[in-house]
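Here are my notes on the model you sent over. Have the structure open while you go through them.

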Amino acid sequence: MAKAANPTTASAMTTPAQIERLGGYLHKLRLQKCAERLEALLQQAAADELPYADFLEQVLGEEVAAKTAKNVSMRTAMARFPFVKPLETFDFAYQPSIDKRQVMTLASCHFIEHGDNVIVLGPPGVGKTHLGVSLGIKAIEAGYRVLFTSAAQLIATLTKALAEGRLDEKLKFYTTPRLLIIDEIGYLPFDRQGANLFFQLISRRYERGPMILTSNQSFGAWGEVFGDRVIATAILDRLLHHAVTLNIRGNSYRLKEKLKAGLVRSIDEQPQPGGEI
Ligand code: ADP
Ligand code: MG
């Protein structure tokens with residue numbers, strides 16, 4: 001029986017048969033990363049005369065890190081983001097109307113625990129979708145299930161489900177994820193049925209499932225978006241009951257390079273709407 005030279009360290013004298021047995025155990029326990037790294041870690045531990053507890057911590061730590069990364073990437077794929085951009089890629093200096101501290105507080109995901117909604121308003125290109133995606137990624141990293149959809153896609157799916165007698169099932173699909181992100185409210189007006197379906201979803205998630213919503217229209221214009229002032233008021237009433245609103249005022253990030261090159265003028269410099277942009 002091989003014995004450690006130092007009783008507090010892992011042994012360098014493992015036999016090939018033992019390695020094979022250990023590999024078998026690790027596979028059985030589905031500790032894939034451990035199985036892959038076992039030999040190298042054992043050798044390193046022996047060379048460094050690593051105490052047993054440190055060795056165990058290292059092996060299990062690597063397994064947990066690998067499992068967490070796999071889980072995050074699986075849930076990121078399930079979230080159906082249009083692009084994957086972490087919050088660290090957001091340039092706050094470009095958009096001073098955004099309170100960075102407020103966004104960082106949201107990134108801690110307490111709003112999800114409290115069941116609060118986040119509503120991001122602003123003109124096209126100012127980073128609404130980017131912020132929605134970035135906060136969604138933070139939520140996934142914090143262990144939540146997230147689903148991203150555009151408002152148009154959501155209504156089309158619910159309308160189809162209604163026609164096929166599967167509305168309840170689809171509403172469940174949108175209420176199950178802990179965080180639902182609905183992007184681009186207001187780009188296309190809803191028809192009456194669409195507004196009704198949207199209302200049903202909001203009612204189901206009300207005070208249970210937090211949402212992030214983005215819109216290029218101010219709340220005052222939502223009556224036109226939903227084609228019905230009464231429904232819009234009922235929707236806003238529920239959404240805003242527990243909500244944080246980020247109002248972005250500024251230039252489109254898409255125009256950043258053009259602005260830099262002086263090809264267009266910034267919003268503040270424009271004498272009147274409908275100018276050169
Ligand atoms: P919106 O949804 O408001 O129309 P997007 O979030 O789609 O705008 O932003 C347009 C593009 O510009 C995206 O590629 C986005 O990643 C990028 N973008 C917008 N604002 C920023 C920012 N402040 N920092 C970095 N990239 C940004
Ligand atoms: Mg967008």
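1. A word on classes before anything else: Ala, Val, Leu, Ile, Met, Phe, Trp, Tyr, Cys and Pro count as nonpolar, Asp, Glu, Lys and Arg as charged, and the others, Gly among them, as polar. By that scheme, the shell around ligand 1 splits into 5 nonpolar, 5 polar and 4 charged residues.

2. Some housekeeping. This is a predicted model, where local features need pLDDT of at least 70 and side-chain atom pairs count only at pLDDT 80 or more, while totals for chains, interfaces and linings use all residues. Residues are numbered from 1 along each chain as its sequence is written, chains are lettered from A and ligands numbered from 1 in the order in which they are written, and side-chain values use heavy atoms, with hydrogens and water left out.

3. Which residues come nearest to ligand 1? Lys85, Asp91, Gly125, Thr129 and His130 do, out of 14 around it (a residue counts as near if one of its heavy atoms lies within 4 Å).

4. Now the polar contacts (pairs of N or O atoms within 3.5 Å; within protein, one must be able to donate a hydrogen and the other to accept it, and residues adjacent in sequence count only if both atoms are side-chain atoms). Gly125 places a backbone N or O atom 2.7 Å from an oxygen atom of ligand 1. For Val126, a polar backbone atom is 3.2 Å from a ligand oxygen, and Arg254 brings a polar side-chain atom to 3.4 Å from one. The protein buries 89% of the 550 Å² that ligand 1 exposes when taken alone (Shrake-Rupley areas with a 1.4 Å probe; for residues, only the protein chains shown count as cover).

5. Where does ligand 1 sit? In the largest pocket, meaning that more than half of its atoms lie within 2 Å of the grid points. A pocket here is an open set of points on a 1 Å grid over the protein atoms alone, with protein on both sides within 12 Å along at least five of seven lines; a cavity is a set where a 1.4 Å probe fits but cannot get out, and lining residues have an atom within 4 Å of a point.

6. That pocket holds about 410 Å³ (the space filled by probe spheres set on grid points joined across faces, edges and corners). Closest to its centre, among 20 lining residues, are Gly125, Gly127, Lys128, His130 and Arg254. Helix 6 (128-141) and strand 3 (179-185) each give two or more residues to the lining, with helix 6 supplying the largest share, 3 residues. Helices (H or I, at least four residues) and strands (E, at least two) are DSSP runs, numbered from the N terminus.

7. Gly115, Asn117, Tyr206, Glu207 and Arg238 are the closest to its centre of the 13 lining residues.

8. Arg80 has a positive phi of about 60° without being a glycine.
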